[in-house]
Structures are given as C-alpha cells and as structure tokens.
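Dear colleague,

I am handing over the structure below, and after it you will find my notes on what came out of the analysis. Please read them with the coordinates open beside you.

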Amino acid sequence: MASDRSWVGRNRYNEAKYLTEEYKSGVDNFIKFAIYNLQEEDNGLIRCPCKECKNKYYKNPSAVKVDLYRHGIMQWYTRWDCHGEKDMSRDEVGTSSVNTNYRDDDMNRALIKTTIKKPI
C-alpha cells in the first residue's frame, strides 16, 4: 500500500471542528510505521513528532497518538527519518510503498508501555 503523506500538511480539522478521517488514518499509519521500526533499545517508546515535542521526547505510541491529535504533527515532517525511514529522494516522498501490514501483537507490545518522557 502506498503511503500518502499529504495529510501532514493539511488542516487536521473538518468544518465541524472534528479530526478528519484522512488525518486519523495518517496518524494510525504513522504509529504503525514507527512501531514496526522500533529498535530493542527503544524499550517500546517512539519519538513524538507533534508540534510541541518536535521529536525531542520518547513516549509510548498511544501517548504520541494523543499528542498528534491534540497538537498536530510538524508539517514539514514527511520523511520519517527519526522513526526508521531510510533516505529517499524528495520525489519519492508521498508515493513510497510502506508495509502497513504490521502485526497487532507488535502494536500491543508497544502500547502497554507507560508514558515516559525521555529527552534525547
């Protein structure tokens, strides 16, 4: 499945002031991608790319999801290099193929960790 990241630069709220389905789906795909690329030393925590944390803090995936809903994602963050994405050309971003068939137990393993702010 192609990973369309155009949601990053769009308004996350619709006319009724609710999060758009596109934004929620984008956040879900981001969280899955980040969990899939966790390293052993990360202890189930991922960097939070919200506008407040700016990838400076590690949190559990559910806390990152809440922050992304509450504060929004950094609008320039379309290449997820802090989350394990390998270097690719700018033309490939937005149309790259990303495996979104992550195992549910991988996500559950990461979600059961407690929220911990760990500065870089």
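This is a predicted model: local features need pLDDT of at least 70, side-chain atom pairs count only at pLDDT 80 or more; totals for chains, interfaces and linings use all residues.

Residues are numbered from 1 along each chain as its sequence is written, and side-chain values use heavy atoms, with hydrogens and water left out.

K17 has a positive phi of about 70 degrees although it is not a glycine, and with a relative accessible area of 67% it is exposed; here buried means under 20% relative accessible area, exposed means over 50%, and partly exposed lies in between, with a 1.4 Å probe and protein chains only. A positive phi, of about 65 degrees, is also found at N55, which is not a glycine either. N55 is in the loop between β1 (46-47) and β2 (57-59), and it counts as buried because its relative accessibility is 5%.

As for the overall layout, the protein chain has 3 helices and 3 strands, and from the N terminus on its elements run α-β-β-α-α-β. Of its 120 residues, 38% count as buried.

How do the axes of α1 and α2 cross? They come within 10 Å and cross at roughly 150 degrees, where axes are lines fitted to C-alpha atoms, for helices over the stretch in contact, and angles run from 0 to 180 degrees between N-to-C directions. The two helices α1 and α2 are therefore roughly antiparallel to each other, given that angles under 35 degrees count as roughly parallel, over 145 as roughly antiparallel, 65 to 115 as roughly perpendicular and the rest as oblique. The crossing of α1 and α2 is right-handed, a term used if the near helix is turned clockwise from the far one by less than a right angle, with anticlockwise being left-handed.

Turning to the aromatic side chains, the structure holds 4 aromatic pairs, a pair being two rings of Phe, Tyr or Trp (its six-membered ring) with centres within 6.5 Å, counted as stacked if the planes are under 30 degrees apart, as edge-to-face if over 60, and as tilted otherwise. One of them joins F30 and W80, whose ring centres are 4.9 Å apart and whose planes stand at 85 degrees, so that this pair is edge-to-face. The pair links distant parts of the chain, with F30 in helix α1 (residues 21-36) and W80 in the loop between α2 (61-71) and α3 (104-111), 50 residues apart. F30 is buried, at 0% relative accessibility, and W80 is buried as well, with a relative accessible area of 1%. Ring pairs link F30, F33 and W80 into a cluster.

Which ring has the charged end of R5 at 3.7 Å from its centre? That ring belongs to W80, and R5 also lies over the face of F33, at 5.9 Å from the ring centre.

On the cysteines, the structure holds 0 disulfides, a disulfide being a pair of cysteine sulfur atoms within 2.5 Å. C50 is in no disulfide, and the nearest cysteine sulfur, that of C48, is 3.7 Å away. C50 counts as buried, at 0% relative accessibility, whereas C82 is partly exposed, with a relative accessible area of 34%.

K56, in the loop between β1 and β2, is 26 residues from C82 in sequence and 10.0 Å from it in space, and K56 counts as partly exposed at 44% relative accessibility. Q39, in the loop between α1 and β1, is likewise partly exposed at 44%; Q39 and H83 are 44 residues apart in sequence and 9.7 Å apart in space. Finally, A63 is in helix α2 and is buried at 13% relative accessibility, and A63 and L45 are 18 residues apart in sequence and 9.7 Å apart in space.

With kind regards

How values were computed. Helices (H or I, at least four residues) and strands (E, at least two) are DSSP runs, numbered from the N terminus. A charge sits over a ring if NZ of Lys or CZ of Arg is within 6 Å of the ring centre and within 35 degrees of the ring normal.
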